[in-house]
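Open the model in your viewer and keep the selection tool ready. Each stop below tells you what to pick and what to look for.

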Amino acid sequence: MVQPKAEAKRRGLKLRTGKLLHQMRLNRQSYFMLAPYFLIFFTFTVFPVLMSMLLSLTDFNMLQFPDWVGLQNYARLFITDEVFLIAIKNTIILATITGPVSYIACFILAWLINELSPKMRAFVTLVFYAPSLSGSAFIVWKLLFSDDSYGYINAFLLENRFISDPILWSTRTDLILPILIIVQLWLSLGTSFLAFIAGLQGMDKTLYEAGAVDGIRNRWQELWYITLPSMRPQLMFGAVIQITASFAISEVSKQIAGFPSIQYAGHTIVTHLDDYGGIRFEMGYASAIATVLFVIMLSSNLVVQKLLRKVGE
């Protein structure tokens, strides 16, 4: 009985392989057109990720050949590196607040802007998208949260006698994270915002007419049962962008809180990665940090995918 079953499995595998090869031959023009992109994607995305995972198991200083150390880098990360644990806590706080808030804000604003006339819609879109274009203009926020009396917020509070001494914004550990959240939210209306507007503009209007016939009576039902299910690709794309942006906060922290920040109050996983990879050149350890960040992002992405599949149910 074992041999017939094994023979049937081999035949089934051979049949599936033959079908796959046949489909590849039929679509060889498509594969040929995709080949340049796949080559670039594999060379500059897939291969570096795989190499980073491999290097995370070594001790590599950019000068000598990597020495295999196994899981020692990961043990060091989670057992002896207290700064990394602080970075994880700060990153999770920033991501769980800025990610969902900016994602929902992007969609709500896009939904509201979509109802405007074409000219007004283009102008308002530019107004809300402009902050993401000026991401390097941190000098504005430095002036707002300057520690002396010349900072705009301190000057306002002092002039109106709300405080008697300037607030040291960049040295108070209890204020650094809230400031980073505010700045990150200001910068968050970026690519996902435009994707949502594009998705709303591409909606098939007949779906709303069909929904009215099927019993949909208000805008909220239209949003849940028609708009959101029809925009799943844009919603998924926006979620990936927001997850990446919220977990990869680095430049905001460096510019606003300093590098390193006071008692590591603004330290994130990416700033920790920059420390070991760009300053100390401990590339094996830096690769371990990058691998942990990759796993966190991938896990968050899978959770968001499951949630988006329930939209419209």
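Which residue lies over the face of Tyr276? Select Tyr276 and Arg280 together: Arg280 lies over the ring face, at 4.2 Å from the ring centre. Keep in mind throughout that this is a predicted model.

**Another arginine over a ring**

Now select Arg76 and Tyr285. Arg76 lies over the face of Tyr285. The distance here is 3.8 Å from the ring centre.

**Ring against ring**

Next, turn to the aromatic side chains. A search of the whole structure finds 11 aromatic pairs. One of them is Tyr37 with Phe41, a stacked pair. Their centres are 5.9 Å apart, with 20 degrees between the planes. The pair counts as stacked because its planes are under 30 degrees apart.

Is Tyr37 buried or exposed? Tyr37 is exposed, with a relative accessible area of 55%. Phe41 has 35% relative accessibility and counts as partly exposed.

Now select Trp141, Phe145, Trp169 and Trp186. Ring pairs link these four residues into a cluster.

**A cis peptide bond**

Go to Phe259 and Pro260 and display the backbone atoms. The peptide bond from Phe259 to Pro260 is cis. Its omega is near 0 degrees. To place Pro260, find the loop between α13 (251-257) and α14 (269-279).

**Positive phi without glycine**

Select Met62 first. Where is Met62 found? Look in the loop between β1 (58-59) and β2 (67-68). Met62 is not a glycine, yet its phi is positive, at about 75 degrees. With the surface on, Met62 counts as partly exposed, at 47% relative accessibility.

Finish at Arg161. This residue sits in the loop between α7 (152-159) and α8 (173-186). Arg161 has a positive phi of about 60 degrees, although it is not a glycine. Is Arg161 buried or exposed? At 78% relative accessibility, Arg161 counts as exposed, because the cut-off for that class is over 50%.

- Arg280 with Tyr276, for an arginine over a ring face.
- Tyr37 with Phe41, for the stacked pair.
- Phe259 with Pro260, for the cis peptide bond.
- Met62, for a positive phi in a residue that is not a glycine.

Terms used: Residues numbered from 1 in each chain as written. Predicted model: local features only at pLDDT ≥ 70, side-chain atom pairs only at ≥ 80, totals over all residues. Heavy atoms only, no water. Phe/Tyr/Trp six-rings, centres within 6.5 Å; stacked < 30°, edge-to-face > 60°. Buried < 20%, exposed > 50% of the residue type's maximum accessible area, 1.4 Å probe, protein only. Lys NZ or Arg CZ within 6 Å of the ring centre and 35° of its normal. Helix = DSSP H or I, 4+ residues; strand = E, 2+ residues; numbered from the N terminus.
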